[in-house]
Amino acid sequence: MDPFEVAFEDVEDLSPDSPTDDPVHVENQFLTPTNSLTSPALAASTGTNASTGNNEDEDEEEEEDNVDVNIRNIAFRRDPNKLAKTRAMLSQFTEAQTERYESFRRSRFKKADMKKLLLSITGMKTISEPMIVAVSATAKMFVGDIVETARMVMSERKDSGPIRPCHIREAYRRLKLEGKVPRRSVPRLFQ
Amino acid sequence: MSNNAAGPSSKSKAGSSQPSETTFKRKRGVFQKELQHMMYGFGDDPNPLPESVALVEDIAVEYVTDLVHKAQDIGSKRGKLSVEDFLYLIRKDMPKLNRCTELLSMNEELKQARKVFESDEEKLRKVFEADEES
């Protein structure tokens, strides 16, 4: 069964996670109607591995989709309260909101790509799977920080439409000020 | 899709004020497809601007690079890079830390479940083969 369909069909399987773990924040983000949504061409690219063509990556990608459903089932067992809240929220979504939420849930950094990046950064021969999991999760949430902050910048400037690089640069600047971006300390040359 | 992004060159880290310690050739747009979905999911247009996606990719790669290097600095005292060092670095960011620990424990649960499944499957297979022979 197409994992994309599985995700859509059974709301129960959607794990009640959010980047901020704050139901109010998530509600504000997703209950505000957006008016410029066209139907995104997601189905074609989700779940297929287009970047590298070799079999190993394809198997990994397929396994990841199945793992995704399994992980949701496990998460479902953990907190019925949170799940009830999420289901209530999801049931009130418009179609556009549901599509965006699905994109939010399903998008991820591909394991193989992240592994290559980490190998080249560290110069190590292997990277443990937990490391890839943790870094990917953190990076995704950081992208969330950037995009959400960029949207805030846009609303302050009364801009509309897709996010532009100037918004992203301002968002990045603000995140740095908040201390959310790691800086490697510059050696102090003069005291 | 434009490759002339507003961001800096593909070989150096975006906005870095220091020379990178590991210089490597990074292909442009490795994460581009997934980032488009991610940005849409987090609030951007269904079709984010290519320049924006490219810039976010540069920023995200720099973020990962700096984090991992810092984790290596911590870990180098023990001679290894471990997840614990990484988690220590993000300890102040509660949502990220919670999400990581949750995913890591799920990952572990899943591994255990798979092990059980594989050993069951192996047993079934043996029974099946024994049946076939008789």
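This is a predicted model: local features need pLDDT of at least 70, side-chain atom pairs count only at pLDDT 80 or more; totals for chains, interfaces and linings use all residues.
**Asking how we know: helices of chains A and B**

Visitor: What is B:Lys70 in contact with, leaving aside its neighbours within four places in sequence?

Guide: B:Lys70 is in contact with A:Pro182, A:Arg183 and A:Arg184 of chain A, as well as with B:Leu89 of its own chain. A related pair is B:Lys70 and B:Asp85, which lie 15 residues apart in sequence and have C-alpha atoms 8.8 Å apart in space.

Visitor: How do you know whether B:Ala71 is buried or exposed?

Guide: B:Ala71 also has its place in helix α2 of chain B, and its relative accessibility is 0%; as the limit for a buried residue is under 20%, B:Ala71 counts as buried. Leaving aside neighbours within four places in sequence, B:Ala71 is in contact with B:Leu81, B:Asp85, B:Phe86 and B:Leu89. Along the chain B:Ala71 and B:Leu89 are 18 residues apart, and 6.9 Å separates their C-alpha atoms.

Visitor: What makes B:Ser52 buried or exposed?

Guide: B:Ser52 lies in helix α2, which spans residues 50-75 of chain B, and its relative accessible area is 0%. That value is under the 20% limit, so B:Ser52 is buried. Apart from neighbours within four places in sequence, the contacts of B:Ser52 are A:Ile163, A:Arg164, A:Pro165 and A:Ile168 in chain A, together with B:Met39 in chain B.

Visitor: What does the secondary structure of chain B come to?

Guide: Chain B has four helices and zero strands, and its pattern along the sequence reads α-α-α-α. Of the 134 residues in chain B, 43% are buried.

Visitor: At what angle do the axes of helix α7 of chain A and helix α1 of chain B cross?

Guide: Helix α7 (residues 129-156) of chain A and helix α1 (residues 32-42) of chain B have axes that come within 9 Å and cross at roughly 55 degrees. The crossing is right-handed. In this contact A:Lys140, A:Val143, A:Gly144, A:Val147 and A:Glu148 meet B:Leu35, B:Met38, B:Met39 and B:Phe42, and by class there are six nonpolar, one polar and two charged residues.

Visitor: What are α7(A) and α8(A) to each other, oblique or roughly perpendicular?

Guide: The two helices, α7(A) and helix α8 (residues 165-177) of chain A, pack at an angle of about 115 degrees with their axes 8 Å apart. The range for roughly perpendicular runs from 65 to 115 degrees, and α7(A) and α8(A) are therefore roughly perpendicular to each other. Their crossing is right-handed. By class, this contact has nine nonpolar, two polar and four charged residues.

Visitor: Which residues touch the most other members of the largest nonpolar core?

Guide: They are A:Leu118 and A:Val143, in a core of 55 residues, and α7(A) gives the most to this core, with 13 residues. Leaving aside neighbours within four places in sequence, A:Leu118 is in contact with residues of both chains, including A:Ile127, A:Met131, B:Val64 and B:Val68.

Visitor: How do you know whether A:Lys158 is buried or exposed?

Guide: A:Lys158 has its place in the loop between α7 and α8 of chain A, and its relative accessible area is 73%. Exposed means over 50%, and so A:Lys158 is exposed.

Visitor: What phi does A:Lys158 have?

Guide: A:Lys158 has a positive phi of about 55 degrees, although it is not a glycine. As a rule, most residues other than glycine have a negative phi.

Technical notes. Residues are numbered from 1 along each chain as its sequence is written. Chains are lettered from A and ligands numbered from 1 in the order in which they are written. Side-chain values use heavy atoms; hydrogens and water are left out. Axes are lines fitted to C-alpha atoms, for helices over the stretch in contact, and angles run from 0 to 180 degrees between N-to-C directions. A crossing is left-handed if the near helix is turned anticlockwise from the far one by less than a right angle, and right-handed if clockwise. Contact means heavy atoms within 4.5 Å. Ala, Val, Leu, Ile, Met, Phe, Trp, Tyr, Cys and Pro count as nonpolar, Asp, Glu, Lys and Arg as charged, and the others, Gly among them, as polar. A nonpolar core is a set of buried Ala, Val, Leu, Ile, Met, Phe, Trp, Tyr and Cys residues joined through side-chain atoms within 4.5 Å. Buried means under 20% relative accessible area, exposed over 50%, partly exposed in between (1.4 Å probe, protein chains only). Angles under 35 degrees count as roughly parallel, over 145 as roughly antiparallel, 65 to 115 as roughly perpendicular and the rest as oblique.
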